[in-house]
Amino acid sequence: MSSQSFALLYPYLLGLSALIFTLGVIGVLARRNALIIFMSVELMLNAANLAFVTFARQLNQLDGQVFVFFVMVVAAAEVAVGLALITTIFKTKKSTNVDDISAMRG
Amino acid sequence: MATDIILFVILAAIAIVSAIGMIVTRNAVHSALLLVVVMCALAIFFLGLGGPFIAMVQVAVYAGAIMVLFLFVVMLLGAERVGAQSGLKWQIPAALALGAALLVVSGLLLFSTQTTAAVEPQPAAGFETILPEACAEDVAEIQASGVVQGTPCLVGDSLFTTYLVPFEVVSILLLAAMVGAVVLTRRPREQGA
C-alpha cells in the first residue's frame with residue numbers, strides 16, 4: 001500500500017468515524033442486554049480510534065497512533081472488569097437484561 | 001488514486017453494514033462476530049493511514065483477545081439468545097432520534113470551515129528518535145517520502161521516551177483491572193477455611 005493512500009479522503013474517514021460512533025450510541029440507548037451494550041461501547045472506542053489515526057495522518061505526526069495504543073489498553077482493562085461484573089451479576093440475577101438489575105442489593 | 005477510493009467505499013460499506021447488524025441482531029454471538037468484522041475493516045484503514053503497528057495491534061488485541069473474552073463470557077453465561085425487548089415502548093424511536101441528532105451535530109462540526117482550516121500538516125523532516133542509530137531505516141524512509149509511518153520501532157521509541165509516564169500509569173491500570181477481575185469473579189470463601 002502506498003504511503004499516499006487515502007490522501008484525499010480525510011473528511012470522509014472522519015465522517016465514517018462519526019457514523020460508526022453514532023451507531024454505537026444508538027446500540028447503547030436502544031438495547032437492553034448488558035453484553036450488547038458493552039459491545040456498542042467498544043464500537044464507539046473503535047470509531048474514536050479511527051478519528052485519532054486519521055488526524056495523526058493528516059497532521060503527519062505519530063502521537064495520535066500512540067494515543068490509540070493507550071485507548072486499546074484502557075479498553076482491555078475496561079472489558080476485563082466489566083465482563084467480571086456481568087458474570088457476577090448473572091450468578092445472582094440469572095439475566096443480562098439491564099432492566100432486571102434495578103436493586104442496589106442482590 | 002482511484003484504487004483507494006474503491007477500497008474506502010468497500011471497507012466503509014462493510015464496516016457500516018456490520019455495525020448496523022451488530023446492534024440489530026438478536027443473537028449475542030452474531031453480534032460479537034460482526035463486531036470482529038468491523039474491527040478488521042478498521043484495521044485495514046489503519047494500515048492505509050500509515051499505522052502498520054496499530055493495525056496489527058488492532059487485529060491481535062482487539063479482534064483477537066478482547067472479542068474472544070466477549071465470546072467466552074457469552075457462551076459461559078449461555079446468553080446467546082437475547083430475549084424480546086421489554087419495558088419502554090418509545091425507547092428505540094428515542095434512541096434513533098438522539099443518534100440522528102448526534103450525527104447532525106458531529107457532521108456540522110466536522111465539515112465546518114473552522115475545523116478544516118485549523119489542520120495544517122507538519123513536515124516530517126525534523127523526525128528524531130532517542131538514539132540516532134535506532135530505527136535508522138524507518139527514519140530514512142520517512143525523510144525520503146515525507147510521510148510519517150507508525151512502524152513498531154518508531155511507536156516503541158515514542159512510548160518509551162515521550163510517553164513513558166502514561167505508559168507506566170497504564171501498566172498499573174492493567175494490573176489493577178486484572179486483580180479486580182479476579183476478586184470480582186472468585187467464589188466467596190467458606191467460613192473458617
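Guide: Start with Leu43(A). Leaving out residues up to four places away in sequence, Leu43(A) touches Ile20(A), Leu23(A), Gly24(A), Gly27(A), Ala19(B), Met22(B), Leu35(B) and Val38(B). Touching, or contact, means C-beta atoms, placed from the backbone, within 7 Å. This is a predicted model, where local features need pLDDT of at least 70, side-chain atom pairs count only at pLDDT 80 or more, and totals for chains, interfaces and linings use all residues. Residues are numbered from 1 along each chain as its sequence is written, while chains are lettered from A and ligands numbered from 1 in the order in which they are written.

Visitor: Which residues touch the most other members of the largest nonpolar core?

Guide: The general idea: in soluble globular proteins, nonpolar side chains tend to be buried together. A nonpolar core is a set of buried Ala, Val, Leu, Ile, Met, Phe, Trp, Tyr and Cys residues joined through C-beta atoms within 7 Å. Buried means 20 or more other C-beta atoms within 10 Å of a residue's own; exposed means 12 or fewer, and partly exposed lies in between. Here the largest core has 72 residues, and Ile20(A), Leu35(A), Met39(A), Leu43(A), Leu35(B), Val38(B) and Leu42(B) touch the most other members. Helix 2 of chain A supplies the largest share, 13 residues.

Visitor: How many helices and strands does chain A have?

Guide: Helices (H or I, at least four residues) and strands (E, at least two) are DSSP runs, numbered from the N terminus. Chain A has three helices and zero strands. Its radius of gyration, taken over C-alpha atoms, is 18 Å, well over the 13 Å of the globule rule for 106 residues, so chain A is more spread out than a compact globule. That rule is 2.2 Å times the number of residues to the power 0.38. The C-alpha trace spans about 55 × 25 × 25 Å along its principal axes.

Visitor: Which element gives the most to the side of chain A that touches chain B?

Guide: Begin with the totals: 65 residues of chain A are in contact with 76 of chain B. Helix 3 of chain A gives the most to that side, with 21 residues. The side of chain A that touches chain B divides into 42 nonpolar, 18 polar and five charged residues. Ala, Val, Leu, Ile, Met, Phe, Trp, Tyr, Cys and Pro count as nonpolar, Asp, Glu, Lys and Arg as charged, and the others, Gly among them, as polar.

Visitor: What covers the buried residues of helix 3 of chain A?

Guide: The cover includes helix 2 (34-59) of chain A, plus helix 3 (52-77), helix 7 (152-160) and helix 8 (164-185) of chain B. Phe69(A) and Met72(A) are among the buried residues. Just after helix 3 of chain A, Lys94(A) takes a positive phi of about 55°.

Technical notes: Contact = placed C-beta atoms within 7 Å.
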